[in-house]
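Open the model in your viewer and keep the selection panel to hand. The tour goes from one stop to the next, with a note on what to select at each.

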Amino acid sequence: MTFRQRKRLIQASPWILLVSLTLLWEVVCYAFSVPTYLFPAPSDIWASWLEYHDPIMRHATQTLFTTVTGFAIAVVFGLILGILVGSSPLIYKAVYPLMIGFNSIPKVAFVPVLVVWFGIGTVPAILTAFLISFFPVVVNMATGLATLEPELEDVLRSLGASKLDILKKVALPRSMPYFFASLKVAITLAFVGSVISETVASNVGIGYLMISASSTMDMGLVFAGLVVIGIMGVVMYEIFAFIEKRMTGWATRGTDPGF
Amino acid sequence: MDLVEFENVSMRYGEEGPMAIENVTLSVRENEFVAVVGPSGCGKSTLMKLVTGLAPPSEGYVYLDGKQVSGPQKGVGMAFQASNLLPWRTTLDNILLPMEIVQEYRHRFRAEKAKFQEQGRALLARVGLAGCEDKFPWELSGGMQQRASICRALIHKPALLMLDEPFAALDAFTREELWCMVRDLWQEDPFTVVLVTHDLREAVFLADTVYVMSKGPGRIEARKEVNLPRPRDLAVTYTDEFAELVFELRDHIGRIREDTQ
Ligand SMILES: Nc1ncnc2c1ncn2[C@@H]1O[C@H](COP(=O)(O)OP(=O)(O)O)[C@@H](O)[C@H]1O
Ligand SMILES: [Mg+2]
């Protein structure tokens with residue numbers, strides 16, 4: 001195999017795997033005559049998509065909106081808190097245990113509280129997406145800032161640099177790889193948050209669509225919803241992976257971080 | 001006139017820790033090249049932190065330019081064993097970093113950027129890095145990175161240059177090349193240097209005065225003037241006179257070892 005063929009194979013591998021698994025799934029469902037209301041075959045899911053794609057798209061748009069909004073708030077909030085935590089040992093000591101404790105609480109437990117405060121629908125979904133996804137941003141930002149080489153700091157301080165100078169010129173740019181890596185994790189978590197909230201307390205969104213479809217045993221539609229969430233997650237992840245590569249190519253010394 | 005002065009300086013890390021250096025008295029004249037040699041852990045880096053005000057002495061006084069040091073100094077150039085160049089900046093932008101920070105230049109950095117860049121290019125050319133201006137640090141070899149690191153410490157024409165084992169991670173050939181580079185920079189346009197090293201040949205080849213420190217707690221064991229004529233050629237390191245000087249200093253360190261055992 002030449003180098004180029006190898007490279008092409010590596011690029012195509014996720015698609016090959018996806019197609020093979022789908023085929024296997026179809027064959028298993030067909031061979032064992034699995035009933036659709038228990039476990040639909042890919043062809044059943046496709047049929048549901050063709051039948052319901054308008055409502056699916058409407059609900060998906062809602063989920064995408066709540067996810068991205070919650071994620072955006074999480075990024076801004078996480079960035080600010082991360083900078084505070086990472087640049088002050090006092091704030092670090094004070095905030096960390098609290099944050100770990102908070103992050104250990106399953107966010108689904110918050111949804112009823114949010115419903116009491118804000119009613120059902122969009123707001124609790126946004127807030128749940130936010131609550132579940134800010135943590136990795138904070139931790140990564142703080143880690144990036146706190147691991148600044150002491151000698152580099154010495155070089156700057158002996159030039160008369162203020163704390164703000166060090167933050168702006170060195171610490172922040174240096175933390176960007178950590179930051180972008182956290183975005184990839186956070187966006188996928190944000191989907192988890194918004195869908196959980198929609199499942200419990202909403203009448204719009206993919207989560208709601210799946211709950212209502214499962215109550216009528218329409219498994220084809222439930223799985224169609226799952227697939228749509230998965231696709232949205234992968235697309236958003238890839239977008240942030242691309243931005244990461246563009247913004248912090250220096251961190252991988254110009255080589256492809258994928259391999 | 002003395003640029004740096006230590007008066008019976010002792011320093012410990014933390015409240016109860018052992019002394020890192022003890023009762024150090026030394027002075028550095030303006031434009032003098034001073035080397036401090038000693039075994040690893042004897043407090044050489046601590047000495048550097050005291051000079052630049054990054055750490056306060058526990059006892060005694062440190063003066064820089066006649067004023068007592070009480071907090072980080074402004075505009076001292078430093079270079080370490082690791083080049084610490086910023087990987088997202090090109091070599092030229094890396095060495096211009098001090099211009100964006102030092103009080104004297106920062107407010108006119110933007111307006112006079114072209115002029116500063118010209119200065120940066122000229123300095124890079126002097127150390128043999130012409131053509132590397134737009135390369136990123138990770139595209140340079142270790143020796144070239146270290147050259148750039150020293151350029152960064154010198155670009156703002158500091159009154160004092162502090163070098164903390166800047167050649168320790170290089171191979172022997174590259175190290176000698178960099179000795180000559182520092183020698184030439186200093187010879188052409190003298191500045192005050194404190195070079196910390198554990199290499200006696202390096203110290204004798206480059207310095208006017210060599211201080212020998214004992215193993216921790218660091219004390220000054222000996223002070224030796226090096227009166228080899230300047231400019232010094234690398235060939236001087238193979239003369240008997242040079243060998244004798246190195247031998248004498250080595251003897252002091254040997255004695256320290258025996259004492260501690
Ligand atoms: N940040 C620090 N905290 C506590 N002890 C330190 C610190 N830095 C250095 N020391 C101690 O001070 C002594 C001198 O260290 P250092 O100045 O780094 O020596 P050298 O540079 O000569 O190798 C060592 O015993 C070391 O353990
Ligand atoms: Mg040291």
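**Rings in chain A**

Select A:Lys107 and A:Phe102: the charged end of A:Lys107 sits over the ring of A:Phe102, 5.1 Å from the ring centre. Bear in mind throughout that this is a predicted model.

Across all chains, the count of aromatic pairs comes to 19. One of them is formed by A:Phe77 and A:Phe134, an edge-to-face pair with 5.2 Å centre to centre and 85° between the planes. The angle counts as edge-to-face because it is over 60 degrees.

Now colour by secondary structure. What does this pair tie together? A:Phe77 belongs to helix α2 (residues 42–87) of chain A and A:Phe134 to helix α5 (residues 122–146) of chain A, so the contact joins parts that are 57 residues apart in sequence.

Show the surface next. A:Phe77 is partly exposed, at a relative accessible area of 36%, whereas A:Phe134 counts as buried, with 5% relative accessibility.

**A ring pair in chain B**

Move to B:Trp179 and B:Phe205. Their rings form a tilted aromatic pair, 5.7 Å centre to centre with 35° between the planes. B:Trp179 is in helix α6 (residues 172–188) of chain B and B:Phe205 in helix α7 (residues 200–206) of chain B, so this pair ties together parts 26 residues apart in sequence. Are these two residues buried or exposed? Both B:Trp179 and B:Phe205 are buried.

**Ligand 1**

Select ligand 1 and show the residues around it: B:Tyr13, B:Ala20, B:Ser40, B:Gly41, B:Cys42, B:Gly43, B:Lys44, B:Ser45 and B:Thr46. By type, this shell divides into three nonpolar residues, five polar and one charged. Which helix gives the most to the shell? Helix α1 (residues 44–51) of chain B does, with three residues.

Then display distances to the oxygen atoms of the ligand:

- B:Gly41: a backbone N or O atom lies 2.7 Å from an oxygen atom of ligand 1.
- B:Lys44: here too the contact is through a backbone N or O atom, 2.8 Å from an oxygen atom of ligand 1.
- B:Ser45: a polar side-chain atom lies 2.6 Å from an oxygen atom of ligand 1.

Ligand 1 exposes 560 Å² when taken alone, and the protein buries 55% of that.

How values were computed. Residues numbered from 1 in each chain as written. Chains lettered and ligands numbered in written order. Predicted model: local features only at pLDDT ≥ 70, side-chain atom pairs only at ≥ 80, totals over all residues. Heavy atoms only, no water. Phe/Tyr/Trp six-rings, centres within 6.5 Å; stacked < 30°, edge-to-face > 60°. Helix = DSSP H or I, 4+ residues; strand = E, 2+ residues; numbered from the N terminus. Buried < 20%, exposed > 50% of the residue type's maximum accessible area, 1.4 Å probe, protein only. Lys NZ or Arg CZ within 6 Å of the ring centre and 35° of its normal. Near = heavy atom within 4 Å. Polar contact = N/O pair within 3.5 Å; in protein donor to acceptor, adjacent residues only side chain to side chain. Areas by Shrake-Rupley, 256 points an atom, 1.4 Å probe, with all protein chains shown as cover. Nonpolar A, V, L, I, M, F, W, Y, C, P; charged D, E, K, R; others polar.
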